[in-house]
Amino acid sequence: MFKKILIANRGEIAVRVIRACRELGVKTVAVYSTADKKALHTLLADEAVCIGSPPSKDSYLNEKAIISACQITGAEAVHPGYGFLSENSAFVRLCDKCGIKWIGPSADSIDAVGDKANAKNTMKKAGVPVIPGSDGVVATEEEAERIAEAMGYPVLIKASAGGGGRGIRPVHSKDELKAQIQAAKAEAKACFGNDEIYIEKLLINPRHVEIQLMADEHGNVIHLGERDCSCQRRNQKLLEETPCVALNDELRAKMGAAAVKGAKACNYTNAGTIEFLVDKNNNFYFMEMNTRIQVEHPVTEMATGVDLIKMQIKTAAGEVLAIRQEEVVLKGHAIECRINAEDPKNDFRPCPGKIEGLHVPGGFGVRLDSAVFQGYEIPPFYDSMIAKVIVRGADRAEAIQKMKVALSEFLIEGITSNIEFQLDLLKDEDFVKGDYDIGFLGRRK
């Protein structure tokens with residue numbers, strides 16, 4: 001086991017990793033920008049190193065500063081969390097070169113599936129169902145036009161690099177194609193430094209269902225069930241749950257087996273997630289693979305009783321998976337609501353500021369992952385998510401009720417949040433019936 005791990009991240013995921021390390025008896029190193037000098041992850045870690053000014057490119061994306069922080073503190077490994085450098089294969093290779101263990105998949109695995117166009121080809125060769133579309137990156141607008149005409153509209157323009165819903169544009173006719181390609185490329189270039197795009201057939205109102213994977217360095221790969229992530233706004237997830245009400249046991253087993261097959265095809269190790277789109281006829285198609293831990297990983301932890309972060313660390317340290325596929329059991333129903341510092345009544349505008357008062361929910365089957373505290377000043381430089389409320393009930397109805405109680409107790413003064421928006425969503429008749437898809441939030445008034 002490692003003696004000291006550096007967490008190359010901030011916010012609730014950095015706090016989550018620090019806590020897991022403490023339970024394993026591992027020392028931790030936090031890195032922080034000058035805006036995060038008094039942040040919770042900075043205060044909780046055994047050591048903390050300032051790596052730059054507030055902009056991410058000068059701090060949490062500053063590869064040389066993070067490597068230097070490892071060398072100065074003697075950290076043997078890096079846990080990247082999600083976002084920032086978590087899917088950057090060049091940084092993984094830099095860690096390898098410097099003798100620092102990366103708590104995640106290899107650089108080659110990231111390259112095989114991290115680029116969405118490459119990922120599609122990798123999965124196709126492995127026999128995993130894929131959405132019809134271009135074979136790799138589309139180089140010109142003329143090529144895009146030929147592919148779109150052959151498939152038939154509507155189609156989807158997607159950035160080949162990155163994630164988080166960035167660089168994605170639906171196209172419903174030939175007249176829209178050129179403008180939407182340019183918009184997708186511009187956003188992809190700004191967000192990921194890579195403006196390559198590819199084209200897929202646009203499925204109308206499917207569900208977004210992902211499979212959680214874990215793989216050790218000895219060839220063992222398991223899945224830990226699915227998460228329904230269809231409650232999205234502009235491709236940004238707001239609520240996740242497991243199990244997915246639309247899946248029966250047969251379909252669940254097929255999707256899990258396909259995800260494991262895809263992971264083995266690229267010699268995958270550590271935590272990862274394969275995301276599928278499921279249509280109304282229960283056909284499922286590979287969408288993308290996230291080569292990191294997900295924001296919504298606590299949903300799976302609550303349902304399975306498995307600590308995914310500790311499993312990541314143990315796997316990176318060379319341990320064999322302590323659980324076999326037949327031992328993975330989902331109990332009850334779990335839901336996660338993302339709490340963001342934003343104003344739903346003003347087009348979800350980010351609302352940074354000082355938290356003047358705070359009361360957090362608790363009780364049986366209630367979990368809160370957060371890095372905020374009373375008096376904390378939310379900086380304007382990073383993602384607006386400030387907390388995740390996760391609950392588990394005996395069944396879905398109990399989980400929904402438990403989440404409504406938890407959110408009604410969650411009081412944050414001094415800033416505007418989306419708590420009331422989440423409460424309204426939980427009361428929606430279609431959501432309660434489980435009758436929703438990725439277009440659901442866009443259709444709600």
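**A guided look**

Q: In which loop is proline 154 found?
A: This is a predicted model, so treat each value as computed. Helix 7 covers 141-151 and strand 6 covers 155-159. Proline 154 is found in the loop between helix 7 and strand 6.

Q: Is the peptide bond from tyrosine 153 to proline 154 cis or trans?
A: Look at omega for the bond from tyrosine 153 to proline 154: the angle is near 5°. The peptide bond there is cis.

Q: What is omega for the peptide bond that joins threonine 242 and proline 243?
A: Proline 243 is found in the loop between strand 11 (236-242) and helix 9 (249-265). The bond joining threonine 242 and proline 243 is a cis one. Its omega is about 0°.

Q: What is phi of aspartate 347?
A: Start by finding aspartate 347 in the loop between strand 15 (342-343) and strand 16 (349-350). Its phi is positive, in a residue other than glycine. The value is near 55°.

Q: Is phi of phenylalanine 348 positive or negative?
A: Phenylalanine 348 is found in the loop between strand 15 and strand 16. It is not a glycine, and its phi is about 60°. That phi is positive.

Q: Are helix 4 and helix 5 roughly parallel or antiparallel?
A: Helix 4 (residues 89-97) and helix 5 (residues 107-114) have their axes 8 Å apart. They pack at an angle of about 175°. Angles over 145 degrees count as roughly antiparallel, so helix 4 is, relative to helix 5, roughly antiparallel.

Q: How many charged residues are in the contact of helix 4 with helix 5?
A: From helix 4 come Ser89, Val92 and Arg93, while helix 5 brings Ala107, Asp108, Ile110 and Asp111. Sorted by class, the contact has three nonpolar residues and one polar. The number of charged residues is three.

Q: Why is helix 12 described as roughly antiparallel to helix 13?
A: Helix 12 (residues 396-409) and helix 13 (residues 419-427) have axes 10 Å apart. Anything over 145 degrees counts as roughly antiparallel. Helix 12 is roughly antiparallel to helix 13 because of their packing angle, which is about 160°.

Q: Is the crossing of helix 12 and helix 13 left-handed or right-handed?
A: Find where Ile400, Met403, Lys404, Leu407 and Ser408 in helix 12 meet Ile419, Gln422, Leu423, Leu426 and Lys427 in helix 13. By class, this contact holds six nonpolar, two polar and two charged residues. The crossing of helix 12 and helix 13 is left-handed.

Q: Which element gives the most to the lining of the second largest pocket?
A: This pocket has a volume of about 270 Å³. Helix 12, strand 22 (411-413) and helix 13 each give two or more residues to its lining. With five residues, the one giving the most is helix 13.

Q: How many nonpolar residues are in the lining of the second largest pocket?
A: The lining has 15 residues, and Ser417, Asn418, Ile419, Glu420 and Phe421 lie nearest the centre of the pocket. Among the lining residues, three are polar and four are charged. The nonpolar ones number eight.

Definitions and conventions:
Residues are numbered from 1 along each chain as its sequence is written. This is a predicted model: local features need pLDDT of at least 70, side-chain atom pairs count only at pLDDT 80 or more; totals for chains, interfaces and linings use all residues. Side-chain values use heavy atoms; hydrogens and water are left out. Axes are lines fitted to C-alpha atoms, for helices over the stretch in contact, and angles run from 0 to 180 degrees between N-to-C directions. Helices (H or I, at least four residues) and strands (E, at least two) are DSSP runs, numbered from the N terminus. Angles under 35 degrees count as roughly parallel, over 145 as roughly antiparallel, 65 to 115 as roughly perpendicular and the rest as oblique. A crossing is left-handed if the near helix is turned anticlockwise from the far one by less than a right angle, and right-handed if clockwise. Contact means heavy atoms within 4.5 Å. Ala, Val, Leu, Ile, Met, Phe, Trp, Tyr, Cys and Pro count as nonpolar, Asp, Glu, Lys and Arg as charged, and the others, Gly among them, as polar. On a 1 Å grid over the protein atoms alone, a cavity is a set of points where a 1.4 Å probe fits but cannot get out, and a pocket is an open set with protein on both sides within 12 Å along at least five of seven lines; lining residues have an atom within 4 Å of a point. Grid points are joined across faces, edges and corners, and a volume is the space filled by probe spheres set on the points.
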